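Let us walk through this structure step by step. Keep the picture in view as you read.

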Number of protein chains: 2
Amino acid sequence: MKYLLGLDLGGTKVSAAVLDGENKIISRARAKTRAWRDDEKVFQTIVSTGRRAIERAGIEAAQIEAVGIGSPGPLDPRAGLVIESSNLGFRNFPLGPRLAEEFRRPATIDNDVNAGMWGEFKMGAARGASNALGLFWGTGIGGGLIVNGTLYHGSSKNAGEIGHMIVQADGPRCGCGRRGCLEAMASRSAMTRDLRKALRRGKKTSIAKLIEGKSESVPSNALRRAYQAKDELAVKTVDRAARYIGYGLGSLVNVLGPQVVVLGGGMIEAFGQSLIDRIDKVARKTAFEFAIKDVVMVKAALGDDAGMIGAALLARESLGGRKR
Amino acid sequence: MKYLLGLDLGGTKVSAAVLDGENKIISRARAKTRAWRDDEKVFQTIVSTGRRAIERAGIEAAQIEAVGIGSPGPLDPRAGLVIESSNLGFRNFPLGPRLAEEFRRPATIDNDVNAGMWGEFKMGAARGASNALGLFWGTGIGGGLIVNGTLYHGSSKNAGEIGHMIVQADGPRCGCGRRGCLEAMASRSAMTRDLRKALRRGKKTSIAKLIEGKSESVPSNALRRAYQAKDELAVKTVDRAARYIGYGLGSLVNVLGPQVVVLGGGMIEAFGQSLIDRIDKVARKTAFEFAIKDVVMVKAALGDDAGMIGAALLARESLGGRKR
């Protein structure tokens with residue numbers, strides 16, 4: 001049996017899974033990234049997490065056919081380089097070649113969101129679609145594009161940055177430095193910024209304690225609880241963000257004409273279908289009827305596993321020399 | 001020698017050209033569309049314009065290998081249907097099959113902007129690019145996408161509507177009924193609306209006569225003359241529109257990662273390179289450096305011929321059964 005090792009590298013954690021010949025996860029491992037350490041130490045954590053998953057699968061490292069990893073970018077998937085990353089210290093780090101060396105197997109790297117979208121396309125919510133668009137809504141807003149049945153990288157090798165389309169020209173400052181990006185209007189960081197501003201203006205909310213004096217964004221689940229308890233400020237903030245997500249998706253449907261739109265990430269996991277319905281409604285008013293009438297908007301099916309599964313399957317794909 | 005007939009159907013005129021085996025235009029014809037007439041009469045004008053181009057080429061109709069036409073959409077390129085058109089009366093009009101019947105040759109239809117972009121890709125400014133994006137700036141704002149070397153239609157069959165991305169949420173009303181689309185911020189109609197509003201507020205401009213009491217948009221050349229004469233209002237209006245075009249293109253570069261961006265349409269024809277430079281500057285600030293650093297932004301090379309040439313080449317393409 002030919003196994004795959006799939007890795008998902010994030011700013012806070014590294015996850016690993018071994019997939020069997022039927023693409024089923026047979027073991028897992030996880031560690032904290034501790035991204036503030038130097039490259040080499042973060043890399044050693046990735047490797048040891050991968051080895052742990054292999055051990056737990058009860059197989060030999062030699063039975064792994066290929067290694068795949070999803071990483072924050074931008075990166076050069078062909079050269080296996082992480083060019084830079086705002087969450088990690090990596091700068092032109094040869095993550096692919098280094099993993100290939102450690103595991104003595106071909107290693108494939110791709111953007112973390114792309115890997116997740118590829119997982120959803122091969123085994124999750126976008127199965128069978130020729131053209132699909134994934135939007136992952138959390139602290140930031142990430143995107144992945146399936147075009148004519150393949151993962152689309154574009155000439156920049158880093159296409160799919162849908163969080164950085166301008167939807168509100170001259171709007172609030174984005175983490176990327178520009179103004180009015182979708183991410184600056186609707187991400188969890190943007191919502192936290194808006195909530196903070198409202199608090200300073202004297203508005204009340206049940207989640208004030210999660211906002212005041214903290215630097216991180218309000219957790220999705222806290223937002224969901226406040227929303228369900230009809231906390232006025234939370235409802236207004238989330239609904240407004242959802243409206244912007246709808247604008248962004250409607251715009252992208254006009255440009256890309258996808259068959260399926262996959263929605264995932266912390267916010268969608270926490271809120272579920274009702275939030276998708278809200279977004280769907282706005283997107284349908286935003287896009288042309290001829291462009292959106294046959295579009296299916298669905299929840300990501302693989303949750304946190306999407307990245308590991310997608311990375312592993314991208315690795316298998318590139319073994320076959322197939323275009324992706 | 002195998003000839004092609006290429007047609008370009010617009011709201012105001014129908015253009016036809018015969019291309020020889022080397023894709024050179026050897027004859028042309030043109031007529032007014034008079035789009036207010038019924039479908040059948042508009043169709044007869046298309047046919048007679050095509051026949052005139054064939055006559056002028058000094059060839060027999062039987063020497064035409066295939067017929068291609070670019071038409072305003074949305075349409076169904078596979079079935080050859082014009083689903084509807086805001087400029088023409090067509091509604092589910094079988095333009096492809098009807099042309100095939102008249103000329104007794106295979107006929108291909110595509111969106112007018114797509115046809116133009118295909119022309120630029122095969123013989124113009126986007127030659128050799130794997131991924132390219134065309135923006136055509138006139139009364140409206142149209143777009144065409146080349147993805148992995150083929151014309152991209154998406155699952156909606158009508159992808160590429162880049163004029164209807166929202167860049168200013170809750171902004172001014174667009175011709176499409178939504179608010180804040182790129183077209184509502186930057187098209188010639190949008191600029192005319194802004195100029196009218198400024199006049200009503202008592203601002204002065206040298207082109208006041210072209211605006212007051214008229215229903216059509218200010219011609220691009222009039223805008224250019226006023227701009228060059230440093231007419232304050234004209235300069236402000238055009239610069240603002242160019243800024244929005246830059247925002248839209250920067251956003252699309254982040255999403256699509258093209259290699260080449262082709263700029264065409266009346267505004268670009270009138271203003272030339274200086275306006276492209278202005279747009280380019282904004283787009284480069286809007287997009288991520290890793291996404292835009294290798295992007296070339298160029299003026300469309302085929303001008304008004306792009307649509308006819310592209311339509312003819314799409315027709316030849318589909319003869320070969322090749323994917324487009």
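Helices (H or I, at least four residues) and strands (E, at least two) are DSSP runs, numbered from the N terminus. Axes are lines fitted to C-alpha atoms, for helices over the stretch in contact, and angles run from 0 to 180 degrees between N-to-C directions. The crossing of α5(B) with α7(B) is right-handed. A crossing is right-handed if the near helix is turned clockwise from the far one by less than a right angle, and left-handed if anticlockwise.

Which residues make this contact? On α5(B) they are B:Ala190, B:Met191, B:Asp194, B:Leu195 and B:Ala198. On α7(B) they are B:Leu233, B:Thr237, B:Val238 and B:Ala241. Two residues are in contact if their C-beta atoms, placed from the backbone, lie within 7 Å. By class, the contact of α5(B) with α7(B) has seven nonpolar residues, one polar and one charged. Ala, Val, Leu, Ile, Met, Phe, Trp, Tyr, Cys and Pro count as nonpolar; Asp, Glu, Lys and Arg count as charged; the others, Gly among them, count as polar.

A word on the source. This is a predicted model, in which local features need pLDDT of at least 70, side-chain atom pairs count only at pLDDT 80 or more, and totals for chains, interfaces and linings use all residues. Residues are numbered from 1 along each chain as its sequence is written, while chains are lettered from A and ligands numbered from 1 in the order in which they are written.

Now turn to chain A. Helix α3 (residues 112–123) of chain A and helix α12 (residues 306–319) of chain A have axes that come within 7 Å and cross at roughly 80°. α3(A) and α12(A) are therefore roughly perpendicular to each other. That label covers angles of 65 to 115 degrees; under 35 counts as roughly parallel, over 145 as roughly antiparallel, and the rest as oblique. The α3(A) residues in this contact include A:Ala115, A:Met117 and A:Trp118. Among their partners in α12(A) are A:Ile309, A:Leu313 and A:Leu314. The residues of this contact of α3(A) with α12(A) are nine nonpolar, four polar and three charged.

Look in chain B for helix α3 (residues 112–123) and helix α11 (residues 306–319). Their axes come within 7 Å and cross at roughly 80°. α3(B) and α11(B) are therefore roughly perpendicular.

Step back to the domains. Chain A is divided into domain 1 (3–118 + 304–319) and domain 2 (128–300). Such bounds come from an automatic or database domain assignment. The C-alpha centres of domain 1 and domain 2 of chain A lie 27 Å apart. How many residues join them? Eleven residues of domain 1 of chain A are in contact with 14 residues of domain 2 of chain A. On the domain 1 side, α3(A) gives the largest share, five residues. That side divides into six nonpolar, four polar and one charged.

Chain A has 35 residues in contact with 35 residues of chain B. α8(A) gives the most, with six residues. This side of chain A has 17 nonpolar, 15 polar and three charged residues.

How do the copies relate?

Finish with the backbone. Most residues other than glycine have a negative phi, and most peptide bonds are trans. A cis peptide bond joins A:Gly73 and A:Pro74, with omega about 5°. A:Pro74 sits in the loop between β4 (64–71) and β5 (75–76) of chain A. In chain B, a cis peptide bond joins B:Gly73 and B:Pro74, with omega about 5°. A:Lys157 is not a glycine, yet has a positive phi of about 65°. Find A:Lys157 in the loop between β11 (150–151) and α4 (182–186) of chain A.
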